[in-house]
Every structure is written in structure tokens, then in C-alpha cells.
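The sequence and the model come first.

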Amino acid sequence: MDFQSIGRRFRRFPWIKQRDSMQCGVACLTMVCRHYGWACTLSQIEELCHATAEGVSLRGMSQAASELGFETASVRLSPYELSQSPLPAILHWNQNHFVVLYRIDRRGIHDADIGLIWLILLGELMIVTGRTATDFIRRWLLLHISMRINIS
């Protein structure tokens, strides 16, 4: 798959650039609205969400989405439950950032993508090797410094 076909796949869902780091929730709700064909702006959604300098709360997002006619539910889901949920969905990622989930692809181990599996294993091997070498060097330096201190 080349980069042009990847770009075409991702262009189907509307993308809105947030003005600052605190507008992720507003941008996500605007993207979902545009996905359903509503011509709305970031500023209009921002007024509905009652965004502050710290951003918008999950409750503010839910209330704004309800005002727009969406059915909302603020729940914690497992990956399987999320795959069974209607999409697009707005996720509160790591309790500090809103993102839109609009498609779930089945890749990697499920599809037996051996290239991806080897890449992951190679990465893990490099991490373990790097940690081992760093630990060895650190211990050698500590031993060398402690011997010099003890001698003096």
C-alpha cells in the first residue's frame, strides 16, 4: 500500500485542525458533526461546549452533543466492546486528550502480518539489548568509581 492510497483512505473522514492544545474536544465534536453533513464551525461548537482556558470537560462535550441531537454515553469500554460500538465515537484518551475513532482495522497478528510481527520482535530485541548494555556500563562505572573512592 502506498502513501497516496493511505491518504485517500483517511480523507473520507473530515479532519478539523484545532487552534490550540485545549481545543481537542471541540475539534472532535466538529469532525463528527461534519461527518454527518452538518456545516458547523469550530467556534459554533465551542460555544455549545462551554470551553474554558483548560479546554472542555467530558460533561460539557456530552451536553453539547445531546443539544446537537446525538445520543451520548460516557462509559469505559474494553477493546472488544469498543469494536462492537457504533462509530464514529469520541474517546477520552489517557484521561487528557479527546480523539475521534471512526474506523477499526484488523491488522498485525490477527491478519498474520509476519512483517509486522518481525518488526515488533526486532524492536523488542533492540530495547532489551540496549537496556542490558546500559545496565552493564552503569554498573562498571559505579564499580570503577567506588574502587577509586575506596582507595583514596
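Is Phe70 buried or exposed? Phe70 counts as buried, at 19% relative accessibility, where buried means under 20% relative accessible area, exposed over 50% and partly exposed in between, with a 1.4 Å probe and protein chains only.

## Basis

The model is predicted: local features need pLDDT of at least 70, side-chain atom pairs count only at pLDDT 80 or more, and totals for chains, interfaces and linings use all residues. Residues are numbered from 1 along each chain as its sequence is written, and side-chain values use heavy atoms, with hydrogens and water left out.

## Helix α2

Helices (H or I, at least four residues) and strands (E, at least two) are DSSP runs, numbered from the N terminus. Helix α2 covers residues 24-35, which is 12 residues. From its first C-alpha to its last, α2 reaches 16 Å, close to the 16 Å expected at 1.5 Å a residue; the expected span is 1.5 Å times one less than the number of residues.

Of the 12 residues in α2, 10 are buried. They are Cys24, Gly25, Val26, Ala27, Cys28, Leu29, Thr30, Met31, Val32 and Cys33. These buried residues pack against helices α3 (42-49) and α4 (58-67) and against β1 (89-93) and β2 (97-101). Just after α2, Gly37 has a positive phi of about 90°.

## Packing of α2 on α3

The axes of α2 and α3 are 9 Å apart, and the helices pack at an angle of about 115°. Axes here are lines fitted to C-alpha atoms, for helices over the stretch in contact, and angles run from 0 to 180 degrees between N-to-C directions. The crossing is right-handed; a crossing is left-handed if the near helix is turned anticlockwise from the far one by less than a right angle, and right-handed if clockwise.

On the α2 side, Val26, Ala27, Leu29, Thr30 and Cys33 meet Leu42, Ile45, Glu46 and Cys49 of α3, where contact means heavy atoms within 4.5 Å. The residues of this contact divide into 7 nonpolar, 1 polar and 1 charged. In that scheme Ala, Val, Leu, Ile, Met, Phe, Trp, Tyr, Cys and Pro count as nonpolar, Asp, Glu, Lys and Arg as charged, and the others, Gly among them, as polar.

## Aromatic cluster

Rings of Phe, Tyr and Trp (its six-membered ring) pair if their centres lie within 6.5 Å; planes under 30 degrees apart count as stacked, over 60 as edge-to-face and the rest as tilted. The count comes to 3 aromatic pairs. One of them is Tyr36 with Phe70, a tilted pair at 5.7 Å centre to centre with 50° between the planes. This pair links Tyr36, in the loop between α2 and α3, to Phe70, in the loop between α4 and α5 (79-83), 34 residues apart. Tyr36 is partly exposed at 44% relative accessibility.

The ring centres of Trp38 and Phe70 are 5.0 Å apart and the planes stand at 45°, so this pair is tilted. Trp38 lies in the loop between α2 and α3 and Phe70 in the loop between α4 and α5, so the pair ties together parts 32 residues apart in sequence. Trp38 is partly exposed, with a relative accessible area of 36%. Tyr36, Trp38 and Phe70 form one aromatic cluster.

Ser62 lies in helix α4 and is buried, with a relative accessible area of 19%. Not counting residues up to four places away in sequence, Ser62 touches Thr72 and Ser74.

Leu91 is in strand β1 and counts as buried at 18% relative accessibility. With residues up to four places away in sequence not counted, Leu91 touches Leu82, His97, Phe98, Val99 and Leu101.
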